[in-house]
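Hello,

Here is the structure we talked about. Please open it and keep it beside this message while you read.

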Amino acid sequence: MSSTSRFADHRGAIVAAVVSVLLLLLGGGLVASALASEESPPQPDSSQGSLDALAPASPAPAPTSGTTGSTASGSPTPSPSPSVARPDFGPLMDPSPPVAVRIPSIKLSTKGLVDLGLDTDGQLEAPKDFQQAGWYAGGPTPGEFGPSVIAAHVDSHLGPAVFYRLGAVKKGAAVEVSRKDGSTARFVVDRVKRYPKDEFPTSVVYADTKGRAELRLITCGGDIDRQSGHYVDNVVVYAHLVD
C-alpha cells in the first residue's frame, strides 16, 4: 500500500481529532505536575519565535501568456510558453509504526513508543508512563504523507520526564524516528514554537503539509500556574522528512 493512499484513509481521522487534541492541550492532559524544585525545563529561544501563523510558500508567478519580447533587431518574438511547476512532495515512506525517537543535539533518546488514541471523552490519550512518548495512532506514521504527531510529558513531581529538554531543540537539528519495519525516518527541524494553551493554534500545528511528510513533537512549557500546578504553554517542534 502506498503512503499516499494510507494517509487518505487517515485524513478524516486527523481532522476529527484536531478539536480533541486542542481540548486536551487546554485541559491539561499532557501537562505534567510542577517540579518540586524551582528549576524549569528549557524553553525555545526568542530567535525561534513564539505564536505566529504558518505562511506556506507561494510559487513564483508564471509568465503571462501571450506576452512578446524583442530580438536584437527589434522584431517581436513570442515568449516561451509558461511552464507548469510540478509540486515537490519530497521523500515519502511506506507506513510503519514508530518505536523510538532520538534527537542527538539534546541527548534525547526514548524507546518503546506507545500508541495514543482517543479516550471516552474524545480527547487524545496521554502516555501513562512519564518516561515514555506516544504517537497518535489515528494519523500517519512518521515518514508518511501528512503530519505525524508524537507527544510526551515534560516532567512530573519526581523530576524531568522524557521530553524535558525538547524546548532546547534548535532549527536544523536532526530527529531520528526508528520504525517497526527496521527503517529510520530522518527529519530536520524547521522551527520550534511555544504557544499559550488558551491560544493554541490548531490550524497552524495541524496545517496541510502540502504533500510533505512532516513531524510534530509536542510537550508542555512556559511558566507554571501555581494554583493548578500545570504549565501554561505548549512547546511544538515542527520537522520535515529528508532523504
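**What I found**

Start with how the chain folds back on itself: of the contacts between residues at least 6 apart in sequence, 68% join residues at least 24 apart. Keep in mind that this is a predicted model.

**The overall picture**

The protein has 2 helices and 13 strands. It has 243 residues, and 45% of them are buried. The exposed surface comes to about 12,300 Å². Carbon and sulfur atoms supply 54% of that surface.

**The cores**

In soluble globular proteins, nonpolar side chains tend to be buried together. Now look for that here. The largest nonpolar core has 29 residues. Which residues have the most contacts inside it? They are I103, I150, F163, V175 and L217.

Go back to V175 and click on it. Which residues does V175 touch, leaving aside neighbours within four places in sequence? The list is V101, R102, I103, A185, R186, F187, V189, L215 and L217. Two of these names, I103 and L217, are also on the list of residues with the most contacts in the largest core.

**The salt bridges**

Side chains of opposite charge can pair when their charged atoms come close. How many salt bridges does the structure hold? There are 6.

Take D181 and R179 to begin with. Their closest N and O atoms are 3.2 Å apart. Are the two partners buried or exposed? D181 is partly exposed, at 45% relative accessible area. R179 is buried, at 4%.

Next, find D190 and R212. Their side chains meet in a salt bridge, at 3.6 Å from N to O. This pair links distant parts of the chain. D190 is in strand β11 (residues 184–196). R212 is in the loop between α2 (202–205) and β12 (213–225). The two are 22 residues apart. D190 counts as buried because its relative accessibility is 18%, and the cut-off for buried is under 20%. R212 is partly exposed, at 28%.

R212 has another partner. Its side chain also meets that of E214 in a salt bridge, at 3.0 Å from N to O. E214 is buried, with a relative accessible area of 8%. D190, R212, E214 and R216 are linked in a network of salt bridges.

Last stop: N234. This residue is in strand β13. Is N234 buried or exposed? It is buried, at 0% relative accessibility. What does its side chain meet there? A polar atom of the N234 side chain lies 3.0 Å from the backbone oxygen of T219. N234 and G167 are 67 residues apart in sequence, yet their C-alpha atoms are 9.6 Å apart in space.

Best wishes

Terms used. Residues are numbered from 1 along each chain as its sequence is written. This is a predicted model: local features need pLDDT of at least 70, side-chain atom pairs count only at pLDDT 80 or more; totals for chains, interfaces and linings use all residues. Side-chain values use heavy atoms; hydrogens and water are left out. A salt bridge is a side-chain nitrogen of Lys or Arg within 4 Å of a carboxyl oxygen of Asp or Glu. Buried means under 20% relative accessible area, exposed over 50%, partly exposed in between (1.4 Å probe, protein chains only). Helices (H or I, at least four residues) and strands (E, at least two) are DSSP runs, numbered from the N terminus. Contact means heavy atoms within 4.5 Å. Accessible areas come from the Shrake-Rupley method with a 1.4 Å probe; for residues, only the protein chains shown count as cover. A nonpolar core is a set of buried Ala, Val, Leu, Ile, Met, Phe, Trp, Tyr and Cys residues joined through side-chain atoms within 4.5 Å. A polar contact is a pair of N or O atoms within 3.5 Å; within protein, one must be able to donate a hydrogen and the other to accept it, and residues adjacent in sequence count only if both atoms are side-chain atoms.
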